[in-house]
Each structure stands twice: as structure tokens, then as C-alpha cells.
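Visitor: I am new to this structure and would like to understand the words used to describe it. Could you take me through them slowly?

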Amino acid sequence: MAFMKRPVRFFNTTGPCTPDKHYMLPPADRLQGAQLHRYVKDELYWSLHAPRQTGKTTFLQNWAKELNATGKYTACYITIETGQSASLEMGLPAICDVIKETAEKQHLPIPEHKTSNPLQCLNSLLTDWAVKTAPKPLVVLFDEVDVLEGETMISFLRQLRSGFADRGVGKFPVSITLVGLRDLKDYLVASVDGRQPNPGSPFNIRQDSVSISNFTKENIAQLFSQRTEETGQQIEPAALDYIWEQSQGQPWIVNNLFMRATMQILDVDNYDTVTLAHIQKARELIIQARETHLESVAFRLELPRVRRVVEKLLTGEVDMQLAQSDDFRLCLDLGLVTDNNGVMSIANPIYKEVLARDFSYGAQIMIQPPTFRWQKPDGTLDMNSLLKEFQKFWRKHSEVWESKSDYTEAFPHLLLMAFLQRITNGEGHFDREYAAGRGRMDLLIEYKGTQHILEIKLIRDYDKPEEIREEGIEQILSYRDKVGKNVPCYLLIFDRRSEGKKLLWEERITWNVDGEVTVVGC
């Protein structure tokens, strides 16, 4: 079988996919709870929410093309991000201008402004547009809706609702889709100063709230099989398993891992089999590059609601109300977290790494380069020396630094991670395990062919120190069983009790070996 020397298509990591340029799986196949034919046939309004770069825009543009291709409808995809942070007086007229410009670019009938009143202009424009598209029904797909704020958002939704009762051919769009990162309810809450919308909220007319799921493990294999069919290039089963493990099916991550492995680590014209080592290297490149997608993930930590959730997951704190909270639901909508059978955690290992690094970056840049010995003569980590230096550092700086930190509960975790990252200068590989209710964080550090396991536990006012110690030893040995029998284990226990903080440092800083585990007290 002859294969092309250079593939025509590539893995998409930027924006909407097109079959002639990208390897792709139809996003419509991953819609959860959607009834597309019914929304148009029965003249219904609905919303779609999903995290960034999961296929929303590709789906919307393709669906609009499909509807137009039938010859029965006039469908138009419109992004209204131009209204971001705009006042009511500026935002609604700007959205109307975008509608006219989009219609002109897509060679559709162009609606006219009938009024300059921002409280009526959108309704008036859509009415005129429906008149001009008759006898075809008008279908409008609004993207980036959740960038609108305050009165601009409220007026936008109210003007759509006011036209809903009269919708129909030549009257008003028969079907409207509102699309964003978050569920409609959440950005309504944001628009009314954090209060829950009442039953008479400005968009109580939607039929469904739909989302787009991540790739399944099978989807990932199907995606690469398109490249195999085109070029003959193969991929090891272990590499596919690792992509699933690290991405949990997040489409941007999957595409980026494939792209870097096949077009950077391997030359674009090199069709050797993609191995596990290639994908592992691609993972490190993704994290180091901090492209826009991962920057946007880290940026979410600026939101207090997101920060509260991530801190609870980082420390493993047990919170019976977390899963039911609006904060956690927001993080679910943003694709930052998952809730699998009651286990709440960060959505995938790559997000875990990015968020943990971003949490600790401020402290990391404040730590001076090491002047002490932290490597053995063969260049591997001297973990005993490293952690004893950390104890000195904790004793000297922790109280002052914690008083300036936004993350009181997670402060020990963040300072330790910052210290380790600074000393190793970003080399090696850190695998972090943390989730709500675990009561701990596990770190697997791989550096120059060696491995070390660190587990972090906190003693709180309601805890008994000996129970925490015994529990920690049992947990770290259980974790080690999954990694390797001879991997050195270090249990770091931070005494966060009120009475513990009153102890002399000589009593708080301890170092003991308990069987196969070194117990480090801080």
C-alpha cells in the first residue's frame, strides 16, 4: 500500500477543525442530551456549555452549514465576544453590528437597525432579519455568550425572551442557541451580583442545557488511526494508554500530544512508530511551553471560587458540602475538575501539574539558588540532605511567608513544592496525586533515573498526631506498592494545630525512621 510522503492534514491544537485540514472526530457525536432535529422542528431555544477547545465552535459552524445545505433554513453562527465587559449602551449596539457583519460575510440577508435604543435594538434587528430570511425559518447560534456582564447580559437575554412568544417564519428566529464555557444559570448568577435568579429570570424559556463530553479511550485510538490510514505511521498501545491517562480525553491535550510527538519529537516526514517515550517527552514540552490553553487553566486560579475548590483538592480536605456547592459546579463547567463516583479531583494529571506549579510559582521565584549539597556524587538526588535543608527553610521562613499567603490550608504543600522545584531547577519529573477526601498529597519524584516518594499530611486541631502518623505510613507504603518495592519513602507531617504552633521549633522539627519510611516533622 502506498502512503503519502507528507500528510495533508494535521492534529488541531488551535481552533475549529475542518476535515480537509485536520484529523478530527465529529464533535456532534459527543453532545450529551442534545436533540438537534427537535430544536429546529419544534422551534426551541437551548444552551450549550463546555470547556475551551472541546469542539463547541467546530460543532456550531458545521451544524449551521448542514442546516443551510438543506435549503430549508437560514442558519448563522455568530460570536459575540465583542460585547465583553462593554456597558449596556455600547454592548448591545456592538452585538447588532457583529450580526450584520457576519450576515454579510456569509452572503445571507442583512438585517437593518430599526432603533438605536440598547434596550430594544437586538430584538428589533432579529425581527427584521427573520422578515428578510422568510420564507425560510431563521436559526441563530450565539457563541461566547458568557463574556457579557451585568446589565448587558440581562438586556441581551430579555430581548431574546421578548421575541420568543412571537417566534416563527418572518417574525423572529425559530431557534436560538446560547453557547459558552459555563451553564446559563451560572452566568445569570454572575450578572445579578451572585444572587440566584428567580423563576422570572430573563431566560427561563430554554428547553435544554447540553454539554460536549471529552474523548473516550476508543476515540483517541480512532483519531490516530486516521493518520495511520493516511501515512502508515503506527503508535504503541502503551503510548495510547499513557495519552488517555494523562489527558482523560481532553481534546486539546490529546491533539497536542499527538502533534508534538509526530511533528516535533519525530520529524514531520519521519513516520517511525510513536512510542511511549515520545509521548512522555511531548507531555513535558506541553507543560514547559504553557500555551494559551494551559495559561487559561492557570488563569482560573484568579477566581476566588475556583481557588477555594482547588485548595481543598490540593490538601485532600474532607468537605461533605463540596460536591453540591456552586463553586464546584463552576469548576466542573470550566473542565477543571471531575467527580467520578464521588471522588472529586482535578480533571487530568496535566492540569494537576499546571495548577500545582502555578500555585507555588510565587514562592518558587523567591527562593534563592541552593548553596548546600543536594546531589550525590553520581548526580542523583540526596533526598535526606534536601529535606533536612527544607526543615531549616521551613523554620526560618514559614511563619512570615504564610502570613502573606492567600492559601493558608495548602501553604505547607505549596512551599514544599516550590522548594523542590527551585532546587531541582525544573529538571526531573513530578507526579502529583491529590483529590478531595484523600487527606494527603503524594509526590513521586523521578530524577536522573531514580525515584522518591513523598507524602504530605497535616495535623489539624481535631486530629491525634499518632493516628495521623500511623495512617500516613500505611498510605505511603500502599502507594509505593503501585510504584516499586525499593523506592525510598518520606512522610512529611506538618503540625497545624493551635497548640502545635506554640511548641518550640526544637520540638516541632523532627526526623525519625519508622521501618521503611522516613518520617519528617515540620
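**Helices, strands and single residues**

Guide: Helix 4 and helix 5 cross each other in the right-handed sense, and, since what we are looking at is a predicted model, each description that follows is a reading of computed values.

Visitor: Why are helix 4 and helix 5 called oblique to each other?

Guide: Helix 4, residues 121–133, packs on helix 5, residues 150–164, at an angle of about 40 degrees, and their axes lie 8 Å apart. Angles under 35 degrees would count as roughly parallel and those from 65 to 115 as roughly perpendicular, and helix 4 and helix 5 are therefore oblique to each other.

Visitor: Which residues in helix 4 and helix 5 meet?

Guide: Cys 121, Leu 122, Asn 123 and Leu 126 of helix 4 meet Phe 156, Gln 159, Leu 160, Ser 162 and Gly 163 of helix 5. Sorted by class, this contact of helix 4 with helix 5 holds five nonpolar and four polar residues, with no charged residues.

Visitor: What makes helix 9 and helix 10 roughly perpendicular?

Guide: Helix 9 (residues 251–265) and helix 10 (residues 276–289) pack at about 110 degrees, with 9 Å between their axes. The range from 65 to 115 degrees counts as roughly perpendicular, and helix 9 and helix 10 are therefore given that description. Their crossing is right-handed, and among the residues making the contact are Trp 252, Ile 253 and Asn 256 of helix 9 and His 278, Ile 279 and Lys 281 of helix 10. By class, the contact of helix 9 with helix 10 comprises 10 nonpolar, three polar and three charged residues.

Visitor: What is the angle between helix 15 and helix 16, and why is the pair called oblique?

Guide: Helix 15, residues 383–403, and helix 16, residues 411–424, pack at about 130 degrees, with axes 11 Å apart. Roughly perpendicular ends at 115 degrees and roughly antiparallel is kept for angles over 145, so helix 15 is oblique to helix 16. The crossing of helix 15 and helix 16 is right-handed. Residues that meet there include Phe 390, Phe 393 and Trp 394 in helix 15 and Leu 415, Leu 416 and Phe 419 in helix 16, and by class the contact of helix 15 with helix 16 has 13 nonpolar, one polar and two charged residues.

Visitor: How do you know that strand 4 is mostly covered?

Guide: Five of the five residues in strand 4, residues 45–49, are buried, where buried means under 20% relative accessible area. Tyr 45, Ser 47 and His 49 point one way from strand 4, while Trp 46 and Leu 48 point the other way, and all are buried.

Visitor: Which strands pair with strand 4?

Guide: Strand 4 pairs in the parallel sense with strand 8, residues 206–212, over four bridges, and His 49 stands opposite Ser 211 of strand 8. Strand 4 also runs parallel to strand 7, residues 175–180, and is joined to strand 7 by four bridges, with Trp 46 opposite Thr 177.

Visitor: What makes strand 11 and strand 15 edge strands?

Guide: In an open sheet of six strands, ordered 11-12-13-14-16-15 with mixed pairing, strand 11 (429–433) and strand 15 (510–514) each pair on one side only. Within the sheet, strand 13 (residues 450–459) and strand 14 (residues 489–495) pair in the parallel sense over seven bridges, and Lys 457 has Ile 493 of strand 14 as its bridge partner.

Visitor: Why does Asp 442 count as buried?

Guide: Asp 442 belongs to strand 12, residues 441–447. The relative accessibility of Asp 442 is 0%, the cut-off for buried is under 20%, and Asp 442 therefore counts as buried. Beyond its neighbours within four places in sequence, Asp 442 is in contact with Asp 431, Arg 432, Glu 433, Leu 454, Glu 455 and Tyr 479.

Terms used:
Residues are numbered from 1 along each chain as its sequence is written. This is a predicted model: local features need pLDDT of at least 70, side-chain atom pairs count only at pLDDT 80 or more; totals for chains, interfaces and linings use all residues. Side-chain values use heavy atoms; hydrogens and water are left out. Buried means under 20% relative accessible area, exposed over 50%, partly exposed in between (1.4 Å probe, protein chains only). Helices (H or I, at least four residues) and strands (E, at least two) are DSSP runs, numbered from the N terminus. Two strands pair if DSSP finds at least two bridges between them. Axes are lines fitted to C-alpha atoms, for helices over the stretch in contact, and angles run from 0 to 180 degrees between N-to-C directions. A crossing is left-handed if the near helix is turned anticlockwise from the far one by less than a right angle, and right-handed if clockwise. Contact means heavy atoms within 4.5 Å. Ala, Val, Leu, Ile, Met, Phe, Trp, Tyr, Cys and Pro count as nonpolar, Asp, Glu, Lys and Arg as charged, and the others, Gly among them, as polar.
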